[in-house]
Amino acid sequence: MTDSRETVRKSATPVLSLHKISKRFGAVSALTDIDMEVHAGEVVALVGDNGAGKSTLVKVLAGVHQPTSGSITFGGKQVKLDSPNAALDLGIATVFQDLALCENLDVVANIYLGRELSPFALDEVAMELKTWTLLNELAARIPNVRDVVASLSGGQRQTVAIARSLLLAPKLVVLDEPTAALGVAQTAEVLNLIERVRERGYAVIIISHNMEDVRAVADRIVVLRLGRNNGVFYPDSSNQELVAAITGATENAVSRRATRHQAKNETQPTTPGTTAS
């Protein structure tokens with residue numbers, strides 16, 4: 001049976017499509033001929049080892065770096081992301097790993113930072129109401145929008161950063177390591193939040209090193225290795241396949257463990273009324 005999201009993905013125009021994107025810094029090639037697409041209501045995970053080119057690609061999408069060659073299509077039209085403002089104006093919102101929150105300000109001030117309503121006579125009531133609306137739509141666990149960010153947990157801070165990215169109603173949300181350094185409960189909270197962002201029809205790119213987090217929310221997994229595409233996988237792909245694509249080594253600890261486990265199951269004797277596990 002075909003997943004309904006997969007049917008929509010195949011039939012609809014991608015929100016974002018990258019074709020042969022390359023980025024060079026002098027003699028160093030950070031990205032080479034990257035192809036990728038993301039559809040509305042889809043989470044695409046971007047994974048790879050350190051130095052694979054993930055951060056460079058995120059900065060290309062955010063308008064921080066301009067590609068050396070290749071084309072970017074957004075909403076069916078070829079575009080040029082020559083500045084962060086150009087990316088935001090198009091509808092690409094990026095939440096970087098450092099979150100860029102002001103810890104001495106409250107939740108409302110952080111969500112509206114640089115986008116205040118009536119900046120010369122702040123409309124605090126309207127901003128607070130909109131903040132509550134955003135957080136309620138995401139079923140976020142923020143007890144009080146007037147609490148300073150310094151008093152919030154890591155998961156709550158990530159929630160504030162994601163809510164801020166949705167303020168301008170973007171079409172694509174890029175999340176750079178959203179669960180890094182979070183505990184189990186906070187990670188679950190952020191993953192639930194990502195699912196709710198997808199359910200609202202946004203296209204989402206998530207960069208992560210945690211394969212379990214990736215499997216929990218991603219519809220597709222795009223692997224980068226040494227600045228190049230190295231396969232597209234799905235959540236039911238094995239750890240062995242993913243590790244091999246990320247590292248370039250088919251022989252690794254994961255594959256050896258899988259082989260040992262398989263051999264143990266094949267050789268374990270069975271007794272009447274039981275089966276080998």
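Modeller: Asp106 is buried, because its relative accessible area is 15% and buried means under 20%, exposed over 50% and partly exposed in between, with a 1.4 Å probe and protein chains only. This is a predicted model, in which local features need pLDDT of at least 70 and side-chain atom pairs count only at pLDDT 80 or more, while totals for chains, interfaces and linings use all residues. Residues are numbered from 1 along each chain as its sequence is written, and side-chain values use heavy atoms, with hydrogens and water left out.

Biologist: With which residue does Asp106 form a salt bridge?

Modeller: In general, side chains of opposite charge can pair when their charged atoms come close. A salt bridge here is a side-chain nitrogen of Lys or Arg within 4 Å of a carboxyl oxygen of Asp or Glu. Asp106 pairs with Arg146, and their closest N and O atoms are 3.0 Å apart. Asp106 lies in the loop between S6 and helix H4 (107–111) and Arg146 in the loop between helix H5 (124–137) and H6, so the pair ties together parts that are 40 residues apart in sequence. Helices (H or I, at least four residues) and strands (E, at least two) are DSSP runs numbered from the N terminus.

Biologist: Which other salt bridge does Arg146 form?

Modeller: Arg146 also bridges to Glu128, with 3.1 Å between the closest N and O atoms. Glu128 is in helix H5, 18 residues from Arg146. Arg146 counts as partly exposed at 31% relative accessibility, and Glu128 counts as partly exposed at 27%. A network of salt bridges links Asp106, Glu124, Glu128 and Arg146.

Biologist: How many salt bridges are found in the whole structure?

Modeller: The search finds nine. One of them joins Arg220 to Glu42, whose closest N and O atoms are 2.8 Å apart. Arg220 lies in strand S9 (residues 220–225) and Glu42 in the loop between strand S2 (28–38) and strand S3 (43–47), so this pair ties together parts 178 residues apart in sequence. Both Arg220 and Glu42 are buried.

Biologist: Which residues lie nearest the centre of the largest pocket?

Modeller: Rolling a probe the size of a water molecule over the atoms shows where empty space is left. On a 1 Å grid over the protein atoms alone, a pocket is an open set of points where a 1.4 Å probe fits, with protein on both sides within 12 Å along at least five of seven lines; lining residues have an atom within 4 Å of a point. Leu88, Ala93, Thr94, Phe96 and Arg115 lie nearest the centre, among 21 lining residues.
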